[in-house]
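Here is a short report on one protein chain. Look at the fold as a whole before turning to the details.

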Amino acid sequence: LFFRNEMYLALLVIFLQCNITFYFIFYQVFTFNRVEIRVQPSVKVKNGSPMSIICHADISKNTDFQLKHNFTIFKDGKLVFMTVSDKEDARYEIPVAKSSDTGDYECTVKADGKLGFSNSVYVWVAGMTKPILTADKKEVLEGEVVKLRCELPEEVPPLEFFFRKIKTNSAPKEKRVPEQTQNFSEVEYYVEEGDDILQFDCFGKRQVRSGWESSQHSNRTLVTVKEPFVKPTLITRPSRNITEGDQIEFECSTVVAQMRDIEIILQKNRTILNSVRDKKSLKYSTVASQEDSGEYLCKVEQGAVSKTTKLNVFVSELFPKPTLSASMTKLDENKDLILGCSINGLRRANFSIVRKTSSEDILLKNSRVLAMKVNVNDTGSYTCKAEVKGIVKESESVRINVYAPVSKPTLSVVSGSPEVVLGKPLQLICHSVMGTPPITFTFYKGDEVKKNVTNDTYAMFLDENIGLNDIGGYKCDARNNHSSGVKTSNILNITVIVPIRDASLGSVPYGEVEVGSDTTFLCSVKEGSWPIDFKFFKKTDREVLLHEVREYSDRTIWHKKTMKRKDTGTYYCMASNRASMDVRSRPITINVILAAWQKGVIAAFVLTAIAGAGAVALWWCLRKKKKGNEWFPSLCLGTNVLRLNL
């Protein structure tokens with residue numbers, strides 16, 4: 001039995017060893033240790049050099065068996081290379097590296113359902129391809145446009161293009177054009193006046209991780225510029241010694257390559273004097289005056305091209321401006337005025353004297369002297385004009401003011417009434433119906449000057465705080481430039497109204513009043529201007545006016561006759577005057593009671609009633625006693641007591 005058991009155990013061990021050997025022979029086991037990506041020769045490669053992207057898989061196996069690997073290489077997340085190999089390396093060859101090959105590279109390896117990933121590696125292909133520049137024209141006219149095209153053939157957008165216009169002895173003019181979807185760009189350059197031989201070039205930029213990278217500059221393209229017309233010439237006839245009154249002629253001319261849409265313009269300052277179209281010259285003539293001195297501009301334009309020439313012209317003075325003199329500039333109406341016109345050093349001229357208005361000049365006389373009797377309507381500005389050889393010059397204007405005298409002013413209160421409440425402001429107005437402005441008004445309070453105002457026909461004065469002593473003495477003066485002098489108003493007397501203060505109410509008798517008797521009410525104030533309006537009120541659920549009176553006194557008496565019980569209540573009075581302020585007294589209480597004789601009658605009536613009731617009770621008790629009823633003793637006893645009391 002023991003031998004048999006050992007045999008079974010040996011067979012079990014042999015069986016297990018065979019299964020393990022079978023497992024290792026027929027089951028292939030592997031695992032990814034790592035997947036990495038490498039760049040040869042380095043992660044920074046010069047543009048145009050060869051470059052290799054290598055994906056390597058480091059794998060551990062349980063036995064030496066062949067394994068198919070699926071390699072995939074990505075650039076910036078996009079698939080660029082794919083292969084299947086039983087080797088652990090895969091190479092993505094780039095024979096000529098370009099700047100567009102710059103980016104983040106990574107790879108994946110898939111084998112028998114398992115997947116390995118590499119880290120990302122940034123590869124920089126340094127340098128950009130040289131751009132190519134072309135121009136649509138080799139020869140242009142001033143004012144035309146040159147169209148340029150710059151291309152980076154092997155670059156991938158987004159890109160930035162820079163175009164340069166290069167002139168001799170000046171800084172290049174540069175234009176920047178971003179392109180998001182194409183590797184070329186086009187711009188137009190305007191050919192300006194003065195451009196002769198132009199050179200153009202371009203270069204490109206792209207953004208890399210470390211910043212911006214620039215390409216080389218392109219080839220330079222040469223463009224020849226021709227003038228459509230020459231710079232104009234501007235002359236005058238006569239060319240010198242021009243005097244006022246002379247005929248002066250301007251001529252502006254040019255030489256044109258093509259007589260098409262050309263325009264010549266003559267200007268002085270900003271004013272266009274003359275212009276012609278599709279002609280080579282322009283003429284303009286005028287009678288010279290001193291105002292014609294200055295800078296003249298001849299401008300030739302054709303399309304967008306413009307060329308100018310300037311010329312300064314000086315015109316000598318033939319005679320100076322005339323001078324207007326006046327015998328007086330400020331005078332009374334109905335006075336004589338003499339105006340005279342003269343020119344220093346010159347006696348022979350055609351003179352005229354005019355009056356200036358806002359709309360026109362009114363001719364008064366063709367003469368060097370004007371004498372006139374003036375009225376107020378002659379106020380205004382006057383000038384004189386002088387003419388020699390067709391040249392007219394005007395003098396500076398002279399202002400003439402003609403004055404009518406002021407009328408006697410009137411002084412009044414603005415509110416209309418010559419009254420003012422104590423402590424309140426008083427506003428006065430001084431007015432003159434007649435008189436040429438400006439008029440100066442002076443306000444007086446007594447003999448003291450309070451205010452001076454210059455206006456046309458009236459002036460205002462405000463006395464801000466009126467006291468008890470301010471009861472009169474206001475006046476005003478009015479004067480203007482007329483020789484008649486000052487006019488004075490009448491004196492204005494002002495009544496000062498003192499407001500009511502401290503109203504009080506009393507009565508006789510005070511407090512209690514017998515029915516049927518009279519009561520005297522006294523309402524008085526401590527101060528207040530007369531007349532004073534007094535009102536008496538009784539206060540119930542509403543205020544009832546009992547009596548009112550106007551007194552030229554600080555108090556009033558009101559007799560109320562035959563008081564009744566219903567007159568019991570609270571009374572007060574109110575006082576007011578022209579200050580329009582109601583002052584109310586403290587209330588008093590009046591209680592109307594019965595008179596003494598009324599109390600006696602009531603007492604006698606009560607006693608009589610009580611005595612009668614006692615007698616009846618006594619009679620009734622005595623009667624019951626006689627009948628032998630003993631059960632009313634207490635009542636009868638009470639009746640006897642009542643009788644005794646009576």
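**Overall shape**

This is a predicted model. The chain contains three helices and 54 strands. Its radius of gyration is 64 Å, whereas the globule rule gives 26 Å for 646 residues, so the chain is more spread out than a compact globule. Along the principal axes, the C-alpha atoms fill a box of roughly 165 × 165 × 40 Å.

Of the 646 residues, 37% count as buried. The accessible surface of the chain is about 38,300 Å². Carbon and sulfur atoms hold 52% of that surface. Among contacts with a separation of 6 or more, 61% join residues 24 or more positions apart.

How many positive and negative side chains does the chain have? There are 88 positive and 75 negative ones. The centres of the two sets lie 9 Å apart.

Take domain 2 and domain 3. Four residues from domain 2 and four residues from domain 3 make the contact.

Met574 sits in strand E52, which covers residues 569-576. Is Met574 buried or exposed? Its relative accessibility is 18%, and buried means under 20%, so Met574 counts as buried.

Which residues does Met574 touch, leaving aside those up to four places away in sequence? They are Asp533, Phe534, Lys535, Phe537, Asp582, Val583 and Arg584. Some of these partners, including Asp533 and Phe534, fall within the residue range of strand E49 (532-539). The C-alpha atom of Cys523 lies 8.2 Å from that of Met574. Along the chain, Cys523 and Met574 are 51 residues apart.

**Cis peptide bonds**

Two cis bonds deserve a look. Pro437 and Pro438 are joined by a cis peptide bond, with omega about 5 degrees. Pro438 is in the loop between strand E39 (426-431) and strand E40 (439-445).

The bond from Trp530 to Pro531 is also cis, and its omega is near -10 degrees. Where does Pro531 lie? Its place is the loop between strand E48 (519-527) and strand E49 (532-539).

**Positive phi values**

Now the backbone at two aspartates. Asp76 has phi near 50 degrees, a positive value in a residue other than glycine. Asp76 is in the loop between strand E4 (69-75) and strand E5 (78-85). With 43% relative accessibility, Asp76 counts as partly exposed.

Asp278 also has positive phi, near 55 degrees, and is a residue other than glycine. The loop that holds Asp278 runs between strand E23 (271-277) and strand E24 (281-287).

Technical notes. Residues are numbered from 1 along each chain as its sequence is written. This is a predicted model: local features need pLDDT of at least 70, side-chain atom pairs count only at pLDDT 80 or more; totals for chains, interfaces and linings use all residues. Side-chain values use heavy atoms; hydrogens and water are left out. Helices (H or I, at least four residues) and strands (E, at least two) are DSSP runs, numbered from the N terminus. The radius of gyration is taken over C-alpha atoms; the globule rule is 2.2 Å times the number of residues to the power 0.38. Buried means under 20% relative accessible area, exposed over 50%, partly exposed in between (1.4 Å probe, protein chains only). Contact means heavy atoms within 4.5 Å. Accessible areas come from the Shrake-Rupley method with a 1.4 Å probe; for residues, only the protein chains shown count as cover. Lys and Arg count as positive and Asp and Glu as negative; His and the chain ends are not counted. The place of a charge is taken as NZ of Lys, CZ of Arg, CG of Asp or CD of Glu.
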